Amino acid sequence: MDVLKVNGVEKRFGEGELPGMLSDLLDYLDVNAATVVAEVDGQIVRREDFGRTELSDGQTIELVRLMGGG
Amino acid sequence: MDRLVIADKEFDSRLLVGTGKFASPQVMAESLKAAGAEIVTVALRRVDIENENDDTLAAIDRTRYLLLPNTSGARDAEEAVRLARLARAATGINWVKLEVTPDPYYLLPDPVETLKAAEILVKDGFVVLPYINADPVLSKRLEDVGTATVMPLASPIGSNQGLRTRAALEIIIEQATVPVVVDAGLGLPSHAADAMEMGADAVLVNTAIATAADPVEMAAAFKLAVEAGRRAFLSGPAAAERRASASSPLTGFLRD
């Protein structure tokens, strides 16, 4: 069993089901990557690097985007 | 031409508009247009992964508006710096409206943490526009560390109370060598005009526009008020006097 903590929520994956890359995780979550920026274990990952950022068990991931604000 | 200059950019509009609290992206887009805004603030938040909320800011034409990400939600300097860096990665823009508001009731900015974060962000290459209480000494300290503006509040965020900090704002405006953007609490176009007549370089409005019954019309009203206030300031307002001073001649009356 592999676990990723995504935006404060623990996501559990069975044997061999952990998304390989950050871009795969976004597909799995059905999140439109075009407007998202990520942090993996506190390190900022730009959109263009989502496809080559490998994920591993136990990582903490933040997915954020711009929203209305003052 | 009387243009607003912040860092290396020039703007015709002196009305900055926030994008929060609008009923729909369409109303927001039309309101920004009616306001004639060129700088619009945005926030950075977690994606709701259980219920993908997609991009509510898709309605903003990014070729037309400079997006100014804020660090709202930050409770200390560390959180603000983290948010600013994420916002820069998200937008490719190195401008940031620095907000550190640990107090959830009045949302008053923390001066110590704001100064600390400003120093870090300026060194990291950011153009920093700090949201502050109307504190003339803090304003100078922020200028000293290299912020591009100061953004003192008129009254608490979203309160629509108007210029409750008038006396301190006057001192800030008198002493500032960077643009002064009066932010937060402006509830009516008359408040905005008042701030501009005092000599503020610009104002930032969100709640008063977004939560009006007709936001687009209110945005247009704020645009007129900001322009009127600026022109009045540049015209050199006549002095106020305690006693009357007749406007009509005091000779030639029809009496002996």
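User: How are residues and chains named, and what counts here?
Analyst: Residues are numbered from 1 along each chain as its sequence is written, and chains are lettered from A in the order in which they are written. In this predicted model, local features need pLDDT of at least 70, side-chain atom pairs count only at pLDDT 80 or more, totals for linings use all residues, and side-chain values use heavy atoms, without hydrogens and water.

User: What makes B:Val182 stand out in the largest nonpolar core?
Analyst: A nonpolar core is a set of buried Ala, Val, Leu, Ile, Met, Phe, Trp, Tyr and Cys residues joined through side-chain atoms within 4.5 Å. Of the 79 residues in the largest one, B:Trp95, B:Val182 and B:Val203 touch the most other members. Helix H2 (residues 77-91) of chain B gives the largest share, 9 residues. Apart from this core lies another, of 19 residues, including A:Val6 and B:Val47.

User: Why are the residues of strand S6 (residues 95-98) of chain B called buried?
Analyst: Buried means under 20% relative accessible area (1.4 Å probe, protein chains only), so B:Trp95, B:Val96, B:Lys97 and B:Leu98 all fall under that cut-off. B:Trp95 and B:Lys97 point one way, B:Val96 and B:Leu98 the other.

User: Why do S6(B) and strand S7 (residues 127-132) of chain B count as a pair?
Analyst: Pairing takes at least two bridges found by DSSP. These strands have 4, in the parallel sense, so they pair. B:Leu98 stands opposite B:Pro130 in S7(B).

Key. Buried means under 20% relative accessible area, exposed over 50%, partly exposed in between (1.4 Å probe, protein chains only). Helices (H or I, at least four residues) and strands (E, at least two) are DSSP runs, numbered from the N terminus.
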